Amino acid sequence: MRRSYGEAGITDLGADPFAAFTTWLHEAADNSFVVEANAMVLSTLGSDASGADAISTRTVLLKDISQGGFTFFTNYNSRKSQAINLHSQVTLLFPWYALERQVTISGYASQIDRAESEKYFATRPWSSQIGAWASAQSSPLASREELEQRYAGAEEKWPEGSVVPCPPHWGGYRVTPASIEFWQGRYSRLHDRLRFERESSKSDWALTRFYP
């Protein structure tokens, strides 16, 4: 299962980690072998640091890069939201295997403004809007039929073509990074690792190369 990595390394990322990330994201999106370039693995810490379920991971979709952070949307009653409410520190991982690249982001998640969540919700497909009302995310589900019935109930309440309001339990989180690490696979496992870390001034970044 071992594979060799390419020769191309990281040359110049510039001084702005958001600009560097945007460039890599666009390159991933343009690669036909990368499925959902904006998919990212979100890791959170639960309430019991010693329990088997203390650290949990799942894939969410990046929907915006603005205001100094990375935004995703979810159910505010979900397990991930409950964890974030207890420990706002999270990590994000973008695994772009086809490009032999990954980006790891460590930072702090906070809820975005309600108006911003409602604005994005209005752009979602009708079926996704209905699904947000139907799913009590992370709660036990007796059967698939129960979920289908809840979906049918929401579908009847807001038929296709009608305006579906944004659920009060649904919205976005913005992850404000403390560090952003760029990784490029290279020959002989001599990979490139470059990490941006915030300095004392939140507007300044220090860039350091690390051993692989």
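Contact here means heavy atoms within 4.5 Å.

I am working from a predicted model, where local features need pLDDT of at least 70, side-chain atom pairs count only at pLDDT 80 or more, and totals for chains, interfaces and linings use all residues. Residues are numbered from 1 along each chain as its sequence is written, and side-chain values use heavy atoms, leaving out hydrogens and water.

**Entry: R174.** I looked up R174 and found it in strand β7 (strands are DSSP runs of E, at least two residues; helices are runs of H or I, at least four; both are numbered from the N terminus). R174 is buried, at a relative accessible area of 8% (buried is under 20%, exposed over 50%, partly exposed in between, with a 1.4 Å probe and protein chains only). Leaving out residues up to four places away in sequence, R174 touches D64, S66, Q67, G69, F70, T71, Y108, A109, S110, I112 and E116. I then checked polar contacts (pairs of N or O atoms within 3.5 Å; within protein, one must be able to donate a hydrogen and the other to accept it, and residues adjacent in sequence count only if both atoms are side-chain atoms). The side chains of R174 and T71 make one of 3.3 Å. A polar atom of the R174 side chain also lies 3.4 Å from the backbone oxygen of S66.

**Entry: helix α4.** I went on to α4, which covers residues 126–134 and has W126, Q129, I130, A132 and A134 buried. I noted that these buried residues pack against α3 (114–121), α5 (144–157) and β7 (170–184).
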